[in-house]
Amino acid sequence: MKIKSVALVSNNYWTLYKFRYDVINLFCKNDIKVYLIAKEDGYSKYFMNDNIICNFVNFNERKINIFNESYSLFNLARILKRTNPDMVLNFTIKPNIYSGIVCKYLKIDYISMITGLGYLFLQSNIFISFITNKILRYALSDAKKIWFTNNYDKDAFVKKNIVNKQNIEIMPGAGADFNIAKNFNKEPQDQVTFTMIARLLNEKGVFEFIEAAKYFHKYNKYRFVLVGLHKENNKHFISKDLLDNVVKKNIIQYKSFTDNINDCYKKTSCVVLPSYREGLSTILLESAVLRIPIITTRVPGCQDIIPNENYGFLCNPKSIDSLIETMENFINTDVQDILSKTEKTYDHVKINFSRDSVLKKYRNMFNF
């Protein structure tokens with residue numbers, strides 16, 4: 001398809017900067033007008049280009065307030081009607097729902113990318129889950145394409161009859177950027193350092209990581225580093241009291257959100273992500289590119305990158321004992337065996353998840 005303008009709709013500008021910057025740049029290089037629509041969070045400043053116009057909709061990722069949701073939907077409709085792009089690309093669950101509905105109403109072509117199942121989809125509340133599935137089915141029904149980052153999520157949507165098989169494809173997220181490996185050198189470690197990089201959400205396995213750190217603290221020879229954004233008074237994030245307690249006792253070294261993530265990679269022995277489920281973990285992709293050993297869970301979005309024990313170290317989700325056992329396995333594994341695993345993971349990611357392959361799919365899709 002040949003287009004002259006495109007809109008990208010996402011939760012916030014940080015996700016557009018972190019995961020879609022190269023795609024946006026690709027559109028600009030091909031003289032395509034780009035409209036960005038997301039929640040303002042300070043990252044819109046990175047999109048200063050004559051071909052880019054920033055628009056703002058206050059998407060709230062995890063809370064549902066009828067007034068706020070109605071206003072966001074109205075504001076999104078107003079922007080899309082005014083800009084009238086040839087194609088809209090939607091990312092994450094809420095933008096997929098809202099923008100899908102608006103695009104259907106305005107008869108604008110759109111592509112939906114399911115970057116993960118999301119909080120709404122994974123709700124244990126049967127009523128909310130039922131309503132979400134119904135709305136998703138409606139919002140995605142006219143999409144020209146529906147992209148999934150892994151086969152597990154695709155199969156889940158097909159099984160729930162949310163999408164049909166005719167217009168779905170696998171798109172490996174933002175892809176792995178191998179340029180980050182240039183001039184990257186790990187710093188010598190005086191002790192084994194386990195590093196977890198993630199928002200401090202319960203579903204990321206932060207509690208299990210902290211409990212594992214408590215277990216190993218008695219040996220006084222291992223370092224545990226936790227890096228990521230924490231929000232107080234939010235039930236989806238770990239308790240602030242728990243975090244403060246383990247930091248005060250020097251069980252965990254905590255660093256809040258940082259753009260200088262390479263500094264964290266340089267100072268770690270192993271990246272740990274005990275997540276309950278992922279779309280396709282960018283942290284694990286980056287770790288693979290930098291040849292950093294990985295401990296993660298046997299779940300979709302993680303096991304795509306670490307398929308089995310030949311590539312890294314796998315534990316069971318929601319299991320403190322399994323995580324501790326896997327960390328002990330890492331500690332007792334020969335250095336050469338660990339290097340062999342990281343090399344296999346590097347090759348696996350390069351073949352299957354490179355950013356160049358992602359950009360090639362965009363080129364093929366939009367004929368440039």
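Strands E2 and E3 run parallel and pair over five bridges. One spot to look for is Val 34, which sits opposite Ile 52 in E3. Bear in mind as you browse that this is a predicted model.

What order do the strands take in the open sheet? Reading across, the seven strands go E3-E2-E1-E4-E5-E6-E7, with parallel pairing. Strand E3 (52-56) and E7 are the edge strands, each with a single partner, so one side of each has no neighbour in the sheet. On average, neighbouring strands here are turned by 20° against each other, direction ignored. Helix H2 (residues 21-29) packs on this sheet and touches E1, E2, E3 and E4. The direction of H2 makes about 155° with that of E2.

Now for strand E1 (residues 5-12). Is E1 mostly covered or uncovered? It's mostly covered: eight of its eight residues are buried. E1 has parallel partners on record here in E2 (residues 33-39), joined by six bridges, and in E4 (residues 87-91), joined by four bridges. Val 6 makes a handy landmark, standing opposite Val 34 in E2 and opposite Met 87 in E4.

Next, have a look at helix H8 (residues 206-217). Which residues of H8 are buried? They are Val 206, Glu 208, Phe 209, Ile 210, Glu 211, Ala 212, Ala 213 and Phe 216. What do they pack against? The list takes in strands E8 (192-197), E9 (222-227) and E11 (270-273), along with helices H9 (240-248) and H12 (320-331).

On to the charged pairs. The model's count comes to 16 salt bridges, and the table picks out a few.

| Salt bridge | N to O distance | Relative accessibility |
|---|---|---|
| Arg 355 and Asp 177 | 3.9 Å | Arg 355 14%, Asp 177 22% |
| Asp 190 and Arg 223 | 3.2 Å | Asp 190 67%, Arg 223 18% |
| Lys 267 and Asp 263 | 3.4 Å | Lys 267 34%, Asp 263 25% |

Take the salt bridge between Arg 355 and Asp 177. Arg 355 lies in helix H14 (residues 355-366), while Asp 177 is in the loop between strand E7 (168-170) and E8, so this pair ties together parts that are 178 residues apart in sequence. Arg 355 counts as buried because its relative accessibility is 14%; Asp 177, at 22%, counts as partly exposed. Both also belong to a network of salt bridges that includes Asp 22.

Then there's Asp 190, in a salt bridge with Arg 223. Asp 190 is in the loop between E7 and E8 and Arg 223 is in strand E9, so the pair links parts that are 33 residues apart in sequence. Asp 190 is exposed at 67%, whereas Arg 223 counts as buried at 18%.

Finally, Lys 267 and Asp 263 form a salt bridge. Lys 267 counts as partly exposed, and so does Asp 263.

How values were computed. Residues numbered from 1 in each chain as written. Predicted model: local features only at pLDDT ≥ 70, side-chain atom pairs only at ≥ 80, totals over all residues. Heavy atoms only, no water. Buried < 20%, exposed > 50% of the residue type's maximum accessible area, 1.4 Å probe, protein only. Helix = DSSP H or I, 4+ residues; strand = E, 2+ residues; numbered from the N terminus. Contact = heavy atoms within 4.5 Å. Pairing = 2+ DSSP bridges. Salt bridge = Lys/Arg side-chain N within 4 Å of Asp/Glu carboxyl O. Axes fitted to C-alpha atoms, helices over the stretch in contact; angles between N-to-C directions.
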